[in-house]
Amino acid sequence: MTFSPDQAAFQVQERLKSLHNNLFDIEEERTRSDHTLNNITKTHDKITMEGKLTPYYQNKLKGLYTTAVSDAKQEETLIRQALASINEIRNICNDQRIQARSAGNKETFGRGDMMNMLITSALTLPLWVSQVGQKAPPLCGAVPADSSYIAKTGDMVAALVKAEEENWILAEVVSFNTITNKYEVDDIDEEQKDRHTLSRRSVVPLPLMRANPETDPGALFPKGSVVMALFPQTTCFYKAIVNQLPQTHVDDYELLFEDSTYPDGYAPPLNVPQRYVIDIKDKSQAP
């Protein structure tokens with residue numbers, strides 16, 4: 001849904017109020033959970049001291065563990081609600097930015113500010129934490145988009161602007177023409193100010209969510225995979241090999257970029273966020 005600036009401000013404030021209350025609820029639930037866990041520990045200590053597990057302690061532990069599981073589920077629900085509110089605020093602000101740009105009020109960034117913006121975008125990308133039995137959805141970490149997927153206006157993509165040179169750049173989607181089946185994208189680099197019309201095969205959507213290595217390791221590129229990644233402090237994608245995977249949800253990939261000036265053909269390891277690591281595109285796949 002599209003909001004006017006005043007409506008957007010109101011919607012953001014409402015979600016901030018909800019988030020504020022939600023955080024207090026999370027803390028209250030966590031305190032309750034800690035109390036239950038402490039009781040479990042104390043009960044185990046008593047069993048150890050007495051040297052036997054009596055029916056009384058067996059029933060007591062069963063009740064405490066049932067309560068602990070219930071507490072954990074409630075805390076998880078509250079945390080997911082908070083994350084949903086944060087994501088809604090993010091989407092509303094992004095929609096306002098797109099509307100402003102469409103009205104001719106395009107933001108202008110210095111190179112340093114732009115690089116900081118790209119880092120912030122990677123750090124604040126929503127985190128997918130699957131529940132039992134769930135699989136990571138498309139565009140989560142290394143999971144590719146569906147074949148029919150069309151990137152939305154304002155989405156970040158890797159764009160092949162010079163096929164003969166394999167020149168992939170970071171770009172922002174302006175529009176998609178369903179008749180010609182082509183995108184219009186803007187080079188994210190303000191110094192270039194270039195707009196390109198490209199086929200779908202020359203545009204690769206970037207991940208919309210980070211994969212959590214602890215719950216969804218299968219949504220990460222395996223070690224040794226050949227990928228395309230945004231070279232640090234640039235807006236261009238280059239071929240690299242995954243040297244180390246993220247170990248936690250805040251970690252980056254450690255990559256080895258191709259570089260013929262080094263004896264083994266690869267530069268020293270560099271860290272790149274999940275946001276800017278995508279599957280390699282074979283030259284034959286792009287026109």
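Helices here are DSSP runs of H or I with at least four residues, numbered from the N terminus. The structure shown in each view is a predicted model.

**View 1. Helix H1, residues 5–50.** Helix H1 has 46 residues, and at 1.5 Å a residue these should span 68 Å. The expected span is 1.5 Å times one less than the number of residues. The end C-alpha atoms of H1 lie 67 Å apart, which agrees with that value. Gly51 follows H1 and has a positive phi, near 75°.

**View 2. The second largest pocket, with a volume of about 610 Å³.** The lining comprises 21 residues, and those nearest the centre of the pocket are Leu83, Pro126, Leu127, Trp128 and Val129. Helix H2 (55–102) and strand S1 (127–128) each contribute at least two residues to this lining. Of the contributing elements, H2 gives the most, with eight residues. Sorted by class, the lining of the second largest pocket holds twelve nonpolar residues, five polar and four charged.

**View 3. Domain 1 and domain 2 of the chain.** The domain assignment places residues 5–107 in domain 1 and residues 155–205 in domain 2. A distance of 39 Å separates the C-alpha centres of domain 1 and domain 2.

**View 4. Confidence along the chain and the stretch 283–287.** The average pLDDT of the chain is 90, and 94% of the residues score at least 70. Residues 283–287 have a pLDDT below 50.

Methods. Residues numbered from 1 in each chain as written. Predicted model: local features only at pLDDT ≥ 70, side-chain atom pairs only at ≥ 80, totals over all residues. Heavy atoms only, no water. 1 Å grid on protein atoms, 1.4 Å probe; cavity = no way out; pocket = protein on both sides within 12 Å on 5 of 7 lines; lining within 4 Å. Points joined across faces, edges and corners; volume = space filled by probe spheres on them. Nonpolar A, V, L, I, M, F, W, Y, C, P; charged D, E, K, R; others polar. Domains from an automatic or database assignment. pLDDT = per-residue confidence, 0-100. Contact = heavy atoms within 4.5 Å.
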